[in-house]
Amino acid sequence: MTVPETMNALILKGHGLSGSRSGAAIDTLEPYLDYGKLPVPRPGPGEVLVKVRMASVNPSDLYFIKGEYGQPRVKGAAAGFEGVGQVIAGNGLYAAYLKGKRVAFVGGAAGSGAWAEYIVVSAATCVVIRPAMRDEDAAGHVVNPVTAWTMFDIVEKSGSKSFIFTAANSQLGKLIAGLARDKNCAMIAIIRNESQAAHLEELGAKHVLVQSEPEFGAKLAALCKTEKPRILLDAVANQVTADIFTAMPARARWIIYGKLDTEEPSIREPGQFIFMDKKIEGYWLAQWFKRASIIEKLKTLRAVQNRFISGKWRTEVVATIPLSEALVKLPAALRTGDGKVMLTP
């Protein structure tokens, strides 16, 4: 395959971190991205060049383009962390093995992003995708599915037969609902809109609570007594979540993996950390990849693909938008809130 000199991409306008915190909501992309031409990146040692087929849009991408993520921006580079594509070139023995294969990837080399026609990534981080798996599932193969699998593993290893999950109508929440059903574990899903409840129950959530309902607090307290959830998986980290944690029984663990709300929560009962042995922790998938053994990674990635191929999991896509139309169409698509948005070259 002949590789062109230039490619189309969504290009970062900002550099570094913004120092502000406005959340993942995006009304317009104009302050953060341009659509234009960039040189096609060239792979270095141990790297491969991937022709992108589809890229996912995650909350981490939105925080990143605004300069509010833990990883600083590089002005003039392509945005986007995760996608699927075909390896067309590379350096090294493993890169040679990957050539021609369809792979899922997360992150890129410095200055290379997934919201482009081509991306350079480390060959070691590529996941070969089996033929039966759809591009829509492969494009979001790592961030949400592997997070779902590994966070549910925390629930299982804790010995708790129930857990609480906030922002449960997210793609991650839908994936975990299926795991909870299959593993006979009671998921208490916290959502903002009642219209989402029936679908989550269908996917596997045992209980669904709408946080805006007047009876929310009483229903939560009752479930904490009957189900005794000791794991709180949280992407919101606001006062509602802090109050949920306070209502949970002794030895509960509040595991924060995101910050969708800009509100700063306060802990109203500090004694729960002393007398009830409660804990607050963080979770970041990148740290799991650093700590997990090769065998554990391979087993997890195979299990994730098996769930998609068997139909137990399915990525719910609400919009697929060409890169050339993203500046106009992406903000409105993200506001639907009921599924993933994908970008195509």
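**Figure 1. Residue classes around the second largest pocket.** The lining of this pocket brings together 7 nonpolar, 4 polar and 6 charged residues. (Ala, Val, Leu, Ile, Met, Phe, Trp, Tyr, Cys and Pro count as nonpolar, Asp, Glu, Lys and Arg as charged, and the others, Gly among them, as polar.) What you see is a predicted model, in which local features need pLDDT of at least 70, side-chain atom pairs count only at pLDDT 80 or more, and totals for chains, interfaces and linings use all residues. Residues are numbered from 1 along each chain as its sequence is written, and side-chain values use heavy atoms, leaving out hydrogens and water. The second largest pocket holds about 330 Å³ of space, and 17 residues line it. To find its centre, look for Thr150, Ile154, Tyr283, Trp288 and Arg291, the lining residues nearest to it. (On a 1 Å grid over the protein atoms alone, a pocket is an open set of points with protein on both sides within 12 Å along at least five of seven lines, while a cavity is a set where a 1.4 Å probe fits but cannot get out; lining residues have an atom within 4 Å of a point. Points are joined across faces, edges and corners, and a volume is the space filled by probe spheres set on them.)

**Figure 2. Helix H4 beside the second largest pocket.** At least two lining residues come from each of helix H4 (143-158), strand S12 (253-256), strand S13 (279-282), helix H10 (285-291) and helix H11 (294-310). (Helices are DSSP runs of H or I with at least four residues, strands are runs of E with at least two, and both are numbered from the N terminus.) H4 gives the largest share, 5 residues. From first C-alpha to last, the 16 residues of H4 reach 23 Å, close to the 22 Å expected at 1.5 Å a residue. (The expected span is 1.5 Å times one less than the number of residues.) Asn144, Pro145, Val146, Thr147, Ala148, Thr150, Met151, Phe152, Ile154 and Val155 are the buried residues of H4. (Buried means under 20% relative accessible area, exposed over 50%, and partly exposed in between, with a 1.4 Å probe and protein chains only.) An α-helix has 3.6 residues a turn, so residues three or four places apart point the same way. Just beyond the end of H4, Gly159 has a positive phi of about 85 degrees.

**Figure 3. The largest cavity and its lining.** One cavity of 30 Å³ or more is counted, and the volume of the largest cavity is about 50 Å³. Its lining consists of Ser56, Asn58, Glu82, Glu136, Gly140, Asn144, Pro145, Gln171, Thr315, Lys340 and Met342. H4 and strand S15 (340-344) are the elements that contribute two or more of these residues. Sorted by class, the lining has 2 nonpolar, 6 polar and 3 charged residues.

**Figure 4. Leu175 and its contacts.** Here the view turns to helix H5 (171-182), where Leu175 has its place. Leu175 is buried, with a relative accessible area of 2%. Setting aside neighbours within four places in sequence, Leu175 is in contact with Asn144, Pro145, Ala148, Phe308 and Trp313. (Contact means heavy atoms within 4.5 Å.) Leu175 and Gly111, 64 residues apart in sequence, lie 31 Å apart from C-alpha to C-alpha.

**Figure 5. Ala242 in helix H8.** Ala242 belongs to the helix that covers residues 239-247. It is buried, with a relative accessible area of 1%. Leaving out residues up to four places away in sequence, Ala242 touches Trp254, Pro265, Ser266 and Ile267. Between the C-alpha atoms of Ala242 and Pro270, 28 residues apart along the chain, there are 11 Å.

Figure 6. Ala167 sits in the loop between strand S8 (162-165) and H5. Ala167 is partly exposed, at 26% relative accessible area.

**Figure 7. Tyr32 in its loop.** Tyr32 is found between strand S1 (6-12) and strand S2 (33-39). Not counting residues up to four places away in sequence, Tyr32 touches Ile11, Leu12, Lys13, Gly14, Ile26, Ile65 and Lys66. Ala79, 47 residues away from Tyr32 in sequence, is 9.8 Å away in space, C-alpha to C-alpha.
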